[in-house]
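Welcome! Have a look at the model first, then try each task before reading on.

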Amino acid sequence: MDDPLESLRQLAQDIKSQPNITLSHKQIQDYFEKLVVVAHTPDGYESLCWEIGVWLLLLAGERQAILFNAYGYPAIRAALTSAIESGGLPKGLGWYTSGFTPGDVDGDVMLGVLTHPTIQPVLKRTLAAHELCLDLDYLRPSDQQTGSAAVCLLAHLRRVGLDRQTQLMWAARLVEHLDAENPAREQAIRLVLEGLLQAERYVNAFYWLQAYFHAADQNLSDTVFEVTAEIIKIADGMGESGYSVLNSLSYDNDLLGLLYNSKRAQLLLALALLWISFTKGFPVKQDFIDQSAELLWGEYPNITLFVKRVSNWACQLVRQARPAAAVDYLHAPEQRPQALAALKRDLQRPPNLRGRGSALDVWKECRDTVFDPLLSALAQVASHKELRGIKKDIDELGAEALVKNSAAYKSSVRLRKIEAGLHKTLEAHLQKYIDSLAHSADLCYQSLEVTMLVKQLEAEIKWTDLQQEYDELVEHWPSLAECLQSYFSPVLDEWLAGVERVENTPWP
């Protein structure tokens, strides 16, 4: 019986000497069967076998998908599992570098292979039985293709059971092994960074990077900016835990020392923190935003003032007894008159209090002596001092006390006209009005806050100049364009929309 490896080598020679060689469907299938057998052996990992596999797929024509499912996946599975068992990785990735690959998953070929149902369970069992080992002697530091394949493999092996610590260890070793100019090294750096952040070891992430880049003083600014941008992108997708990561960077003195090597990195982090505070109501380090904004003062004074004033305001709102996002406040000028009008309509419609007897008399008395006056006061309030008095009166209201202290109720007690169930219904209606008054008072407070700040910024900032500064900033630092679009523009747009609401709903 022919040696499968020798048979494939002979086929490779025949292809070189006869470029137009043709094979029958049976011959193609036979060679694919040999390819699966060869893929189990260390010698079979060589790229020659996979190049033949690519050539066989081309000859297969319309039967490519059928043959790949029947022989391609088993061959790749054999190469991966055998390489892991023998410690032959990344030598077992020749299929990837030679283009002997199927369809991808979201553009990721490696992910498509590792999660395929014929490969994933077998690979998971193999990793459970054998410790992952990369033979870096096989990988030339300048080899971009194999280096990229090794990084891609590491990135997805957690899906089949590889622990994070092992993943990080080998990714870090790849960073050490690969040449600085090899793009695969950048992929490995990103993998380490993602792993550390996912493990919430964000301080380690910066220290680790600092250890690799401290000597490259002339490139440190660019490197720090790129790393900071990557951290922000990753953290942004992690929700509140990611926001904590970013905010922590602004408190660690050693990490700040690294950030201060890059003016762009400072601005990038500061604008991201502003966005988090403004739109999410998440507490951040206000001083860092202020200091970073000062870097723009000489050439971009309007942007500087906007960032400082709005960040201070947003951070104050987060520190209140009831924290709130600034973006929510900006809707208050529009919501305040709507809430007051809705409450006024409710008070004009007597509730169903069964029989419209003494309970209705109590309701009318509370409406006329308590709710209508407070509603009118809220509609006319024009200062924080006035509002504080009104809010105090609202806070002291209680549905039970309103009922029992009313003259109509005291009269009904003597006449025994309000039964227990009706009493509870009456209190529930009154409590609803109290809650609506409290909500309207909050909207009045928020509207006053927004209106005051709008007037302040209108006096300080020239908005047409700010837009020009924005354009100049992007032209001066194109690398900041994405940051400005993602974190500054949303804040500015929300603010300008809030200004329009203030102008369209003036105070009485």
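Buried means under 20% relative accessible area, exposed over 50%, and partly exposed in between (1.4 Å probe, protein chains only). Helices (H or I, at least four residues) and strands (E, at least two) are DSSP runs, numbered from the N terminus. The model is predicted: local features need pLDDT of at least 70, side-chain atom pairs count only at pLDDT 80 or more, while totals for chains, interfaces and linings use all residues. Residues are numbered from 1 along each chain as its sequence is written, and side-chain values use heavy atoms, with hydrogens and water left out.

**Exercise 1.** Find which residues of helix H7 (residues 120-129) are buried.

*Solution.* Step one: the buried residues of H7 are Leu123, Thr126 and Leu127. Step two: look down the axis of H7; these residues fall within an arc of 95 degrees (taken from the directions from the helix axis to the C-beta atoms), so they line one face of the helix.

**Exercise 2.** Work out how Trp275 and Tyr487 are paired.

*Solution.* Step one: recall that rings of Phe, Tyr and Trp (its six-membered ring) pair if their centres lie within 6.5 Å; planes under 30 degrees apart count as stacked, over 60 as edge-to-face and the rest as tilted. The structure holds 15 aromatic pairs. Step two: Trp275 and Tyr487 have 5.5 Å centre to centre and 65 degrees between the planes, which is edge-to-face. Step three: Trp275 lies in helix H15 (residues 263-280) and Tyr487 in helix H26 (residues 481-504), so the pair ties together parts that are 212 residues apart in sequence. Step four: check burial; Trp275 counts as buried at 13% relative accessibility, and Tyr487 is buried at 8%.

**Exercise 3.** Classify the pair formed by Phe371 and Tyr433.

*Solution.* Step one: the ring centres of Phe371 and Tyr433 are 5.4 Å apart and the planes stand at 70 degrees, so this pair is edge-to-face. Step two: Phe371 sits in helix H20 (residues 358-380) and Tyr433 in helix H24, 62 residues apart, so the pair links distant parts of the chain. Step three: Phe371 and Tyr433 are both buried.

**Exercise 4.** Name the residues that form one aromatic cluster.

*Solution.* Trp50, Phe68, Tyr73 and Phe100 form this cluster.
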